[in-house]
Amino acid sequence: MELINGVFYTGSEVIRNGRMRVDADGRIAYIGSREGSDPDNRDAPVVDLAGRTVVPGFIDVHIHGGGGWDLLRGNPEDFEGTARFHAAHGTTAFLATIGPNTEAETVRIVDNARKAQSKGIEAGAEVIGVHLEGPFLNPLRKGAMNESMFRPPDIREMDRYIEASGNTIRLITTAPELPGGEAFVRGLVDRGIRVSVGHSDASYEQMADAVRWGASHTTHHFNGMRPFHHRDPGTAGAGLMMPELTTELIADGVHVHPAAVRFLFDVKGEYKVCAVTDAIAYAGMPDGEYGHSVVTGGEVYLKGTNTLAGSSLTMLKALHLVMQYTGRPLERVLPSFTAVPARQAGVDDRKGTLEPGKDADFLILGEGLELLGTYVRGICAAGA
């Protein structure tokens, strides 16, 4: 397939009146100006973009479900349904995010995630691994989670999950201030797993320790963590001030105020903000009651409380909101949705930017940045 007459945001430059060729293996074979040299050019179906925009596909490292499909339930059909739902909103790859549960259930779910990743999703976003959000969390910052499932850090328990997942756990959210936190964080880093601080009451000083041990990420920044205070910078302040930390952001204007979204981008920059949805099963569903959750105006709360219980956000909606809240142009927002999550998930060697040799994961956007087509490894997963 060859796409011509497009505006291509590659991740390093904007190519106008550009051309991109996708090979039979679903990788980018050439991207550049329409008049540029393509030594391996050959007959292929041609798509005339007529000036439309092409960007790398969005990568979501924190997603629990959507469209009624629930990764916390973790059946095979939940991975497929979630992948298809979010592909229709611009996501081309994601970490299946699993919350605190019994050990037996966690083993079952990560095994199903492994199978979904190995099998692949037809006409959907690619499962690129697992994000374990717990169970090694601080009950003081439990949010909507079931604290009865929280447990002290235990690297031996983690090893059982790693084995069941086929070594596909890429990210874990934990509270490093808990007893045993140092050995746990160091053990995870030694095993090649990125450590994120979340649902944590860590002080600034404890965060400095966690960074020294190898933590490099924060989970849904500002939410589920010790807040910033000028005499106690806390977990949130550490994320703002420590350059080693990349900060997740749920940019729905509810979890984080629009002004705080702008502030985070101003302080950290687009290469240290990782946009996520934290979408749950009810993303895309009508307002109403769903078990212990209530969806109202697209916001999700625990029934009978004002506690947020995940979001109904999509990555495409988040992109529009971030541009609105920050006033930044597309190219100064896009890395947070593409290159940064690819880096944090450990797949930046093949995803996150439009470059020869990388997977042909891309979106075709219209004049108002509306989604016209989602392509995963060169195959149309949604839209045109």
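Predicted model: local features only at pLDDT ≥ 70, side-chain atom pairs only at ≥ 80, totals over all residues.

Reader: In which order do the eight strands of the open sheet stand?

Author: Helices (H or I, at least four residues) and strands (E, at least two) are DSSP runs numbered from the N terminus, and two strands pair if DSSP finds at least two bridges between them. Here the order is β6-β9-β10-β11-β12-β13-β14-β15, with parallel pairing. The edges are held by β6 (58-63) and β15 (273-276); each has a single partner strand, so one side of each is left without a neighbour in the sheet.

Reader: Which strands are joined to β11 by bridges?

Author: Strand β10 (residues 126-133) runs parallel to β11 and is joined to it by four bridges; within this pairing, L132 has I172 as its bridge partner. Strand β12 (residues 194-197) is also parallel to β11, again with four bridges, and T174 stands opposite V197 of β12. Further along the sheet, two bridges join β13 (residues 217-218) to β14 in parallel, with H217 opposite T246.

Reader: Why is strand β11 described as largely enclosed?

Author: A residue is buried under 20% relative accessible area, exposed over 50% and partly exposed in between (1.4 Å probe, protein chains only). In β11 (residues 169-174), five of the six residues are buried, so the strand is largely enclosed by the rest of the structure.

Reader: What is the handedness of the β-α-β crossover from β10 to β11?

Author: A crossover is right-handed if, with the strands pointing away from the viewer, the path from the first strand over the helix to the second runs clockwise. The crossover from β10 through helix α3 (residues 155-164) to β11 is right-handed. The unit made by β11, helix α4 (residues 181-190) and β12 is right-handed too.

Reader: How many aromatic pairs does a search of the whole structure find?

Author: A pair of aromatic rings is described by the distance of the centres and the angle of the planes. Rings of Phe, Tyr and Trp (its six-membered ring) pair if their centres lie within 6.5 Å; planes under 30 degrees apart count as stacked, over 60 as edge-to-face and the rest as tilted. The search finds four such pairs. One of them, F136 with F184, is edge-to-face, at 4.8 Å centre to centre and 65 degrees between the planes. It links distant parts of the chain, 48 residues apart: F136 is in the loop between β10 and α3, and F184 is in helix α4. F136 is buried at 0% relative accessible area, and F184 is buried at 3%.

Reader: Which residues form a stacked pair?

Author: F362 and Y375 do, at 4.7 Å centre to centre with 5 degrees between the planes. F362 lies in strand β20 (residues 362-365) and Y375 in strand β21 (residues 371-376), so the pair ties together parts that are 13 residues apart in sequence. F362 and Y375 are both buried.

Reader: With which side chain does E2 make a polar contact?

Author: A polar contact is a pair of N or O atoms within 3.5 Å; within protein, one must be able to donate a hydrogen and the other to accept it, and residues adjacent in sequence count only if both atoms are side-chain atoms. The side chain of E2 contacts that of R19 at 2.9 Å. E2 belongs to strand β1 (residues 2-9) and is buried, with a relative accessible area of 7%. In another contact, the side chains of H255 and D252 are joined at 2.8 Å. H255 sits in the loop between β14 (246-250) and α7 (258-268) and counts as buried at 12% relative accessibility.

Reader: What is the volume of the largest pocket?

Author: On a 1 Å grid over the protein atoms alone, a cavity is a set of points where a 1.4 Å probe fits but cannot get out, and a pocket is an open set with protein on both sides within 12 Å along at least five of seven lines; lining residues have an atom within 4 Å of a point. Grid points are joined across faces, edges and corners, and a volume is the space filled by probe spheres set on the points. The largest pocket has about 860 Å³. Of its 33 lining residues, L72, A144, M145, I280 and A309 are the closest to its centre. Strand β19 (residues 308-311) gives the most to this lining, with three residues.

Note on methods:
Residues numbered from 1 in each chain as written. Heavy atoms only, no water.
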